[in-house]
Amino acid sequence: MGDNNYRYIGRHVNRADGRELISGRRQFIDDVRIPGMLTARVLRSPYPHANIVDIHVEKAKALAGVKAVLTYKDAPDWKCGLPQHRRVLDHRVRFTGDSVALVAAETLEAADEACKLIEVEYEELPFVLDCEEAIKPEAPQLYEEFPGNVLPKVTPFSEEPFNQIHVGDVEKAFEEAAYVAEGYYCYDKLPHPLPPESPGVIAQWTSPSAVTLYYNGGAPHLQKFNTEASIPGVAVRVIACHSGGSYGSKQLIPHLALQAIALARETGRAVKLMMDRTDHMLSYELRQGSRIRGKVGITEDGIISAIQGMWYIDSGMSSTYAQAMTAVGLGEAQAFCGKCKNWDLDTMLIATNHSSQAPIRGFGGQELKGALIPLVCTAIRAAHMDPYEVFKKNFVKAGDSYIWRDYKWWEVRSVDFTAAFEESAAKFGWKDKWKGWEVPTWVSEDGKRAIGVGVGVHGNADIGEDPTEGFVKLHPFGSVTVEMCIGETGGAQRHAIQKMVAEVMKVPFDGVQLVNSDTHGTGYDAGMIGSRGTITMGTCAVRAANDARKKLLKMAAEKLHMGVDDLDTEDFLVFPKADPQMRLPWIAITGTPEMTITGMGLYQQNFDKPNFALYFAEVEVNLETGEAKLLRALEGTDVGQIIDPVNVRMQAEGSFGAAGADTALFEEMVMDKKLGRFVSGNMIDYKWRTFNEFPPFDTVILEGQFDTESFHALGFGEISGSPAPSAILMAVSNAIGTEVKEYPTTPTVVLKAMGKIK
């Protein structure tokens, strides 16, 4: 550990809410009960693209218990998306599962029955599922305002949108490169993040211009901002319930929220709208599709010197935040290729007739890297170089610079992940296992099985994104309250902040309490996105705690006629450093009239350091059946300082879930391309690794003590799955002796690559 003198930092402490979680007493959104609350359901389209010619709801409205039925004819004209384009309900449906009508009823059964009674006449329209087909002149058009199905290049991060990298002289760099290679790679099978709990919201109007929204994501202020932008003139209060997992997919629930708010306004009662598992799998937002057609140059000494190409991004029928993901992905490409000075990488965001894309754990970077790393490897392969050595040489270090999502240049400070590279490779045994490109590590005597290895890398400077403000209050009878908007989506972020404040104040861990995640009682915070919590929330909490501590000691110094530097506080007691036995309780310092001491913290975003993840994979392939099996994986990183060893290990293990590592092996939403609908909408047809199928998984987690105020720590969790798909793709290719270019590497894909089937 970085500092063995810490009370809590670097040591495991049981979570304050742990007993409630494992006993089932923790309140989730489906446990929330509001007097008079109605239940809502959505009638969904059976077609991928159609106009609603006529719709009759009289029978549904007449059903006992039904309180409201909304169609495009009477729904409010609110819109969400970037830019705002997706209506609460529309006369046109744009994917199989799109919303046709909304029902609010006294019971779920009544709402479901009402949906069956709604009569709809559709005019079926041609549809397009492939993003490159969608931009052809003859392709069906999804929106009149988006000609050619190309979504506008806008971002919420800067006045001038960051959607391409044009730096240096690419053509000259290609001329001077020792090796140049071209390729076309796709990471576009739309895997589902599948958090255990489906998305849900509860909406309740508290006045004609104010609404309260409960939701099960971890970014309540971001949800508030997003919803208020869609409903001008309405004040929105957002309360984040404890989330049963998000993996990025529930931090924003814009469309569902607007639908619940519309029904609540129509009925004058609170309305709960929660997806069941079928709706969640077939109608909710997925990881965006990603394709790259490009060219890469590399120098004789292994420096990636030029990258040129087009990144095609399949956004589905709508963009929730895709342009933001594009900007972040481009930044992360530069962290990966930190020495490259010549870029000509453009992007195109395209609408197609499947469910909307959305932020998923990895937020643009995983989507881009899934295709970009194999593209870069075409040049590394041409140079006959070791990919691990090239990745190590090119990954961004202190003194390098990149353009980040705010369209500004940032110079990188205080990071060098060389030690993490080297210790991870040594523990995995890379030097002995790597035999060359498309060369297996081992082949069985009968020639029926082979093993290959692969490596992937990732980094993301969004760990410093967005401002955070908060307060730490010291109560005279001995307790501490943290007033910050910290949602909980499973990663134990509230636990981490509780540890940090307890460490600063030197008080018992359970003497620190956090307020609920409610936008009405907390300052702004962007929520649990981008692994930002450790630096942003952590720095804010540490600053607020230190501010409160200084105020306490200053007050004590005045009463005791001593210098502030001569005093300390521990376990709710103040004492002179020279005489630690003379201890006074806080109330003796504050007195009863002055009930609390309040410290304030403020963090402003900073992108001058990325985090890091290195993923090694060892895969066995049955050369007769094409089945690929992950035998072993290892992930290495340097987090600066471990906050909690159990939680950081769990974050690394999370690389298997959330549409992560196994998107290289079997995870995908399978589409019937003739009907335009998904056919893997349940947990049997959607192939997912079960707990008894986990391979041996090792970690190397170093503590480089980076220059952050949050105990020198960096956030890590979001990126743990991002380098895995490309590493596994490489391993499968090396095992079979020929390059595989398609995800996931199902038996059909492997046998096709080997030339055994067409």
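The protein chain carries 77 positive and 99 negative side chains. The centres of the two sets lie 2 Å apart, with each charge placed at NZ of Lys, CZ of Arg, CG of Asp or CD of Glu.

This is a predicted model: local features need pLDDT of at least 70, side-chain atom pairs count only at pLDDT 80 or more, and totals for chains, interfaces and linings use all residues. Residues are numbered from 1 along each chain as its sequence is written, and side-chain values use heavy atoms, without hydrogens and water.

The whole chain in values:

| Property of the protein chain | Value |
|---|---|
| Box filled by C-alpha atoms, along the principal axes | roughly 85 × 75 × 50 Å |
| Accessible surface (Shrake-Rupley method, 1.4 Å probe) | about 27,900 Å² |
| Share of that surface on carbon and sulfur atoms | 51% |
| Buried share of the 758 residues | 63% |

Buried means under 20% relative accessible area, exposed over 50%, and partly exposed in between (1.4 Å probe, protein chains only).

Helix α3 spans residues 108–117, and its buried residues are Ala110, Ala111, Ala114 and Cys115. Seen down the axis of α3, these fall within an arc of 140°, so they line one face of the helix. The arc is that of the directions from the helix axis to the C-beta atoms. The face turned away carries exposed Glu109 and Lys116. The buried residues of α3 pack against β1 (38–44), α2 (58–62), β3 (66–70) and β7 (99–105), where contact means heavy atoms within 4.5 Å.

Key:
Lys and Arg count as positive and Asp and Glu as negative; His and the chain ends are not counted. Helices (H or I, at least four residues) and strands (E, at least two) are DSSP runs, numbered from the N terminus.
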